[in-house]
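Here is a short briefing to read alongside the model. Have the viewer open and follow along.

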Amino acid sequence: MGDLHPVQLEIYRNLLRSIAEEMGTVLRRTAYSPNIKERRDYSCAVFDGQGLLLAMGDHMPVHLGSMPMSVRAAIGSCEPQAGDVVILNDPFTGGTHLPDITLVMPVFEGADQQPLAYLASRAHHSDVGGMSPGSMPLSREIFQEGVRIPPLRLYRAGDLNHDILKLFLVNVRTPVEREGDLAAQVGSLRAGERRMVELCQRRGRAELVRYMGALQDYAEKLMRGVLGKLPPGRYQAEDFLDDDGSPERSRPSVTLRVAIEVEKGELKIDFTGSSPQVAGCINAVEAITHSAVYYVLRCLAPPDAPSSAGLMRPVQILAPEGTVVHARYPAATAAGNVETSQRIVDVLLRALAEALPDEIPAASSGTMNNLSIGAVDPQTGEPITYYETIGGGMGGSPHGPGDSGIHTHMTNSLNSPIEAIERYFPFRVREYRLRFGSRGRGLNPGGEGVIRSLETLTDCQVTLLSERRKHAPWGLREGRDGKKGLNLLISKGKRKRLPGKFSIRMSRGEILVVETPGGGGWGSAQKSP
């Protein structure tokens with residue numbers, strides 16, 4: 001490493017990571033919406049002066065792995081200058097799905113003409129317009145999902161562009177909340193900017209830039225070391241999404257296929273054979289597929305490896321355009337970010353289980369169970385929108401049983417506390433507990449799913465995007481599958497089974513019950529000591 005000291009390298013790794021963490025803390029503490037301040041549905045990251053990922057907080061994997069494309073789009077479209085903040089959410093120009101709004105800021109120090117770094121803050125906004133409250137609809141094209149924002153300067157040389165902000169706010173159902181959350185994101189960037197400038201002034205620009213590059217190289221070295229231990233060969237797997245969420249009565253399953261070629265410390269990951277993009281909203285854009293691959297690689301890497309772009313250098317990804325893993329405009333993408341990303345992880349892990357049979361866990365619940373509700377607040381007469389994801393069971397692994405009632409893989413959010421739901425929204429939580437008996441049996445069983453029951457205290461529109469209602473989370477090494485999820489509507493004492501993806505009107509006093517899948521088991525239960 002030449003004149004670079006390993007201790008200093010570790011210090012820089014932690015310094016940069018702490019900046020991303022502090023950005024997240026500022027965002028959470030100043031946000032307006034429960035989705036951000038309670039569920040922590042946000043992510044923050046630090047990039048070098050060329051827009052390459054340097055460090056991230058312990059936030060949302062689906063955000064963080066896809067954020068580099070947003071930063072590249074911001075740099076390429078706007079060439080940000082000092083004081084600029086670029087806003088974007090368009091899945092076809094660097095975004096993922098419309099509710100995830102990303103802000104990107106360049107950091108300049110002193111009289112330098114070139115940016116020292118870039119900072120990014122992404123948050124899931126609980127409404128960005130579109131055909132249904134919560135902006136997670138059963139859509140058939142991107143135009144139905146909300147306001148699309150290409151990379152634009154929200155701030156120019158430190159001055160807010162009021163016209164852009166006004167145009168956005170008049171197209172959403174909850175403008176006050178949206179403006180507050182955007183301001184919180186800007187605040188997180190300002191906090192990160194202060195810390196980056198302080199770090200540069202304290203350590204010197206030359207040294208800081210040198211160690212930024214070293215962190216990239218070190219991450220690549222560690223990743224090549226991990227991949228070099230994999231048995232050379234070609235490993236294949238397939239998995240399925242229940243359906244595409246389209247309104248047709250007969251909804252066929254959607255196939256995801258992957259072939260992973262391992263050779264000399266490098267990977268070639270080929271998704272050829274995956275289903276063509278579909279009419280419904282489960283299409284994933286290229287950034288989501290890259291994000292899922294990055295997440296799996298990060299899981300294989302040592303815990304202290306820098307979470308930088310260097311991890312991806314030994315990897316080639318082939319995601320054919322026009323498929324559900326690389327959808328073309330104007331495909332609907334609302335659930336591609338949240339549901340298809342989970343299945344991409346599942347199929348990658350299933351393929352790697354051939355190469356690492358004593359390392360890879362069984363399938364976790366495999367769905368984020370995205371629940372969106374829109375209503376008019378009976379007390380204020382103002383529109384309200386509610387969004388949450390609901391956890392499930394973690395897959396059992398060679399190292400022990402899976403955890404219960406937890407968000408896994410591409411989501412790293414918390415549950416929505418009962419107190420917060422009943423404080424902010426006209427709902428009553430009737431039941432919230434583990435779904436005992438849903439775990440897959442095995443030497444190391446999977447975790448239990450969750451039962452969440454909500455009673456509506458006013459008429460409302462409810463949309464649920466969920467998976468693993470037809471195809472159960474699979475077990476490994478003779479472990480049993482986890483139990484499939486179940487959605488129910490209770491009205492006037494009668495129980496009606498609902499599909500995995502639906503949008504319905506609910507009347508006051510009706511109850512929605514979401515029973516999430518359990519994790520698959522690992523190893524034969526017969527071999528249990």
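How far apart are the end C-alpha atoms of helix α7 (residues 205-228), and what span should its 24 residues have? This is a predicted model, and in it those end atoms are 35 Å apart. At 1.5 Å a residue the helix should span 34 Å, so the two values agree.

**Helix α7**
- Several residues of α7 are buried, among them Leu208, Tyr211, Met212, Leu215 and Val226.
- The buried set of α7 also includes Gln216 and Glu220.

**Overall fold**
- The protein chain holds 10 helices and 20 strands.
- Its radius of gyration is 22 Å, close to the 24 Å from the globule rule for 529 residues, so the chain is as compact as a globular protein of that length.
- The C-alpha trace spans about 70 × 60 × 40 Å along its principal axes.
- Of contacts between residues at least 6 apart in sequence, 73% join residues at least 24 apart.

**Surface and charge**
- Buried residues make up 62% of the 529 in the protein chain.
- The accessible surface is about 20,200 Å², and carbon and sulfur atoms account for 49% of that.
- There are 61 positive and 60 negative side chains, with the centres of the two sets 5 Å apart.

**A look at Gly57**
- You will find Gly57 in the loop between β2 (53-56) and α3 (61-64).
- Gly57 has 3% relative accessibility and therefore counts as buried.
- Setting aside neighbours within four places in sequence, Gly57 is in contact with Ala20, Glu21, Cys44 and Leu64.
- Gly57 and Glu193 are 136 residues apart in sequence, and their C-alpha atoms are 15 Å apart in space.

Key
Residues numbered from 1 in each chain as written. Predicted model: local features only at pLDDT ≥ 70, side-chain atom pairs only at ≥ 80, totals over all residues. Heavy atoms only, no water. Helix = DSSP H or I, 4+ residues; strand = E, 2+ residues; numbered from the N terminus. Rg over C-alpha atoms; globule rule 2.2 N^0.38 Å. Buried < 20%, exposed > 50% of the residue type's maximum accessible area, 1.4 Å probe, protein only. Contact = heavy atoms within 4.5 Å. Areas by Shrake-Rupley, 256 points an atom, 1.4 Å probe, with all protein chains shown as cover. Lys, Arg positive; Asp, Glu negative; His and termini not counted. Charge placed at Lys NZ, Arg CZ, Asp CG, Glu CD. Expected span 1.5 Å × (residues − 1).
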